[in-house]
Amino acid sequence: MKLMIASDIHGSAGSCRKMLDQFEKEGAQRLLLLGDLLYHGPRNDLPGDYRPKEVISLLNGKKQSLLCVRGNCEAEVDQMVLEFPVLSDSMILFLDGRMVFATHGHIFHEDHLPPLQEGDILLHGHTHVPVLENRGSYILLNPGSVSLPKQNTAKSYMIYENGVFTLKDLDGNKLNSLSVS
């Protein structure tokens with residue numbers, strides 16, 4: 001299975017559109033969204049193409065392919081307009097026999113770990129900074145942000161395929177990768 005992972009759209013219609021274009025080009029079976037889909041939040045600048053209603057339409061058009069966890073900017077009202085589940089704080093996935101704890105990152109993160117066993121993966125967004133690191137007892141992954149990257153990083157997403165997580169910019173250029181097999 002080829003999985004695309006993205007986070008922190010924050011209502012940016014242009015970035016959402018570009019992300020979905022890359023999803024089609026990548027040929028991934030599913031798109032895992034790590035929260036903060038519609039709103040920019042009080043700590044972030046407003047994206048230049050802030051159009052949450054357009055993001056709603058774009059994402060609802062792909063609802064059969066989406067998996068999602070709740071970010072700190074999601075609220076119950078978002079579930080009233082989004083046609084796929086967005087209110088779970090975390091999701092457990094098994095990729096090629098490895099447990100992945102997927103979450104937004106505002107509750108569980110590297111300074112407040114969920115229950116992990118040796119070799120498990122903590123996958124989260126929230127910081128808007130991409131990470132692909134083997135921390136010894138666990139693996140830490142973050143796809144960065146598709147709309148509001150921080151610390152001079154590119155707008156980015158991640159692909160998982162055949163035991164490898166690959167970080168790419170929104171043009172599909174490879175930035176980094178980590179093999180977990």
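Predicted model: local features only at pLDDT ≥ 70, side-chain atom pairs only at ≥ 80, totals over all residues.
Residues are numbered from 1 along each chain as its sequence is written. Local features need pLDDT of at least 70, side-chain atom pairs count only at pLDDT 80 or more, totals for chains, interfaces and linings use all residues, and side-chain values use heavy atoms, with hydrogens and water left out.

**Exercise 1.** Find the salt-bridge partners of lysine 2 in glutamate 26 and glutamate 161, and place each pair in the chain.

*Solution.* Start with the rule: a salt bridge is a side-chain nitrogen of Lys or Arg within 4 Å of a carboxyl oxygen of Asp or Glu. Lysine 2 meets glutamate 26 with the closest N and O atoms 3.2 Å apart. Lysine 2 sits in the segment before strand 1 (3–6) and glutamate 26 in helix 1 (residues 13–26), 24 residues apart; helices (H or I, at least four residues) and strands (E, at least two) are DSSP runs, numbered from the N terminus.

Next, lysine 2 also bridges to glutamate 161 at 4.0 Å, N to O. Glutamate 161 belongs to strand 9 (residues 156–161), so this pair ties together parts 159 residues apart in sequence.

Finally, Lys2, Glu26, Glu161 and Lys168 are linked in a network of salt bridges.

**Exercise 2.** Is lysine 2 buried or exposed?

*Solution.* Recall the cut-offs: buried means under 20% relative accessible area, exposed over 50%, partly exposed in between (1.4 Å probe, protein chains only). Lysine 2 has a relative accessible area of 14%, so lysine 2 is buried. Glutamate 26 is buried too, whereas glutamate 161, at 35%, is partly exposed.
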